[in-house]
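User: I'd like to learn how to read a few features of a model. Can we start with helix packing and then go on to sheets and a metal site?

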Amino acid sequence: MRLSNYFMPILRDDPKEAEIVSHKLMLRAGMIRQESAGIYSWLPLGFQVLKNIEQIVREEQNRAGAIEVLMPTIQSADLWRKSGRYDDYGKEMLRVTDRHDRDMLYGPTNEEMITDILRSGIQSYKDLPRNLYHIQWKFRDEVRPRFGIMRGREFLMKDAYSFDLSAEAGRHSYNKMFVSYLRLFDRMGLRAIPMRADTGPIGGDLSHEFLILAETGESEVHFDRDFYDMNWSEFEIDYDDDARVASVVKEFTSKYAATDEIHDQAEYEAKVPAEKRLSGRGIEVGHIFFFGTKYSEPLGCVVQDESGKSVTIHSGSYGVGISRLAGAIIEASHDDAGIIWPEAVAPFRVGLINLKSGDTETDGMCDKIYRELTNAGVSVLYDDKDDRAGGKFARMDLIGLPWQVIIGPRGLKDGIAEVKNRATGERENVPLDQIVAQFADRAPA
Ligand code: ATP
Ligand code: MG
C-alpha cells in the first residue's frame, strides 16, 4: 500500500478525551474513530489489526475442534424469556421493537440462540460433543463506556459454546478451550494469565478469566510469580489426548491467581511464599465458563443417550474480546514514540520509507523494492509522500510496524538500505539486493 493512496488520518497532538495510552495511540495513529459513546468505526489500519487478531483466534479455535458459524446481531426476545434472562439482563441490553411490535434485542451474548440451534440440529448422543463458535459484534449498554474500544458498547467478541452428554465430558471440552486460549494469546505476543473466576450459583471450579498485566487494567489481580517461569509456548498438543490437555490445565491452575472479586488473602498467603506474591492490575481479554445445564434445561436441549434415557446437555461458554485485544496489545507493547506491534498482528509487516520522494533514483529504487516485496507476499506500507524525513520517522514509529526499510540518496550510492527493528531500535545496513530475500525468507513470527 502506498501511503499517498491510503487512508490513515494521523493526529499530531494527543487527543484530550483519551485517558489511557492505547486509546491515545489508536486515535493518533488513525486506527479508530468514535461515532458515539462506546461506538467506533474501524479505519483501515485498525481494521487490519482487528482482522489479524480475529484470524489467530479462528485458527486456534478450529485447531481445538470448534466449528465456526455466524449468528445474527439482532435476536428475538422469545428464547430470552424462556431462559429468564430477558428480565434479568436489565439496562445493559439494548431492546428494540420491530414494525409488528415484536420485542427484539441486539445480542449481548448468544447462549440461548446457540443452544436452540444445537437442540434443533442434533439427532442423538452420537452427534455430541460439539463446540460451535462465532465472531460477531455484541452490544452492551455499559454504564461507563471508556478507554476507547477497551470498554465499548458495541464490541467484537469470539464466543464459543460446548455441548456434552455429561459434566465429565464437558470438563474435557472446557480444558480444550483453556489450552486453546493459552495458545492464541501467546501467538499474539501476550501472556494472558488464567485466573480463577466467580462461578456464581452453579459453583465448581470451572471458570477462568484470562488477564494480561497492565497498569491501566480495570481489575486488581493477585498471583504467584511462578507464572513467569512456566512454559508458555509449548502447547503443540493433541487435543484428543484428554490426559495431556488436562495436564496443561492442571499446571496452569496449580498456582494461585485471582482477581480482586474472589481473591482470598488467607489462601494466597498459605499457598504463595511472601517473596513470590505479586499484585497489580490486569485487563480481561478472555473468559471461559462451564455452566452445565443452565440454558439447556429451560430450552429443552435434551438428547437420548445410548440406553435411550433422556439426558439434558451440559454446556460451557468461552469468550474472547477481539476488539478489546487491539487496545490490550498496545497497552502491553508501546514506548514513548508509539505502538510496537508484535509481528503476528501488525497491520503491515514492513514500513518502507523513501527519504527523498521526487528524486528519480530514490523513487526508482523504492518503487522496485516495494514491488518486489509485495510480489513476495510481504505486506508493506510504502511512505512515498514528500514530507520531511523527521516527520516520516516519527509517523512510522507511531504506527509501530515491526520493520522499517529506509532508503535515501546517500545509502543508494553505497548500494544499501537501513533496516530498523521497531521493537529493539536496532539498525542494520543491508545491501539493496538482499532486502527482499531477508523478508521473504523469514516467515513472520
Ligand atoms: P467485563 O468484566 O470486562 O465487563 P464481562 O465479564 O462482562 O467483561 P464476558 O461476558 O466474560 O465479559 O465477555 C467475554 C469477553 O468479551 C471479555 O473477557 C472481554 O474481553 C470482552 N468484553 C466484555 N465486555 C466488553 C466491552 N464492553 N468492550 C469490549 N470488550 C468487552
Ligand atoms: Mg467476564
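User: How are α2 and α9 packed, and at what angle?

Analyst: Two packed helices are described by the angle between their axes and the distance between the axes. Here, in a predicted model, helix α2 (residues 44-63) and helix α9 (residues 322-332) pack at about 115°, with axes 9 Å apart. Helices are DSSP runs of H or I, at least four residues, and strands are runs of E, at least two, numbered from the N terminus. Axes are lines fitted to C-alpha atoms, for helices over the stretch in contact, and angles run from 0 to 180 degrees between N-to-C directions. So α2 and α9 are roughly perpendicular (65 to 115 degrees; under 35 is roughly parallel, over 145 roughly antiparallel, the rest oblique).

User: Which residues make the contact?

Analyst: On α2 they are Val49, Leu50, Ile53, Glu54 and Val57; on α9, Ile322, Ser323, Leu325, Ala326 and Ile329. Contact means heavy atoms within 4.5 Å.

User: Now sheets: in what order do β4, β5 and β6 lie?

Analyst: Strands of a sheet pair through backbone hydrogen bonds, either parallel or antiparallel. This open sheet runs β4-β6-β5 with antiparallel pairing; two strands pair if DSSP finds at least two bridges between them. β4 (74-76) and β5 (94-97) are the edges, each with a single partner strand, so one side of each has no neighbour in the sheet. The twist averages 35° from one strand to the next. β4 and β6 (residues 103-106) share three bridges, and Ser76 has Met104 as its bridge partner in β6.

User: And what is the order of the five-strand sheet?

Analyst: That open sheet goes β20-β19-β21-β22-β23, with mixed pairing. β20 (380-383) and β23 (427-431) stand at its edges, and the twist averages 25° from one strand to the next. Helix α11 (residues 389-399) packs on the sheet, touching β19 (350-354), β20, β21 (403-407) and β22, and its direction makes about 175° with that of β19. Strand β22 (residues 416-421) pairs with β23 in the antiparallel sense over five bridges; Val419 stands opposite Glu428 in β23.

User: Last one: which protein donors hold the magnesium ion (ligand 2)?

Analyst: Glu284 (OE) and His287 (ND1), lying 2.2 to 2.4 Å from the ion. Donors are N, O and S atoms within 2.8 Å of the metal (3.2 Å for Na, K and Ca), and water is not among the atoms, so sites may look incomplete.

Key
Residues are numbered from 1 along each chain as its sequence is written. Chains are lettered from A and ligands numbered from 1 in the order in which they are written. This is a predicted model: local features need pLDDT of at least 70, side-chain atom pairs count only at pLDDT 80 or more; totals for chains, interfaces and linings use all residues. Side-chain values use heavy atoms; hydrogens and water are left out.
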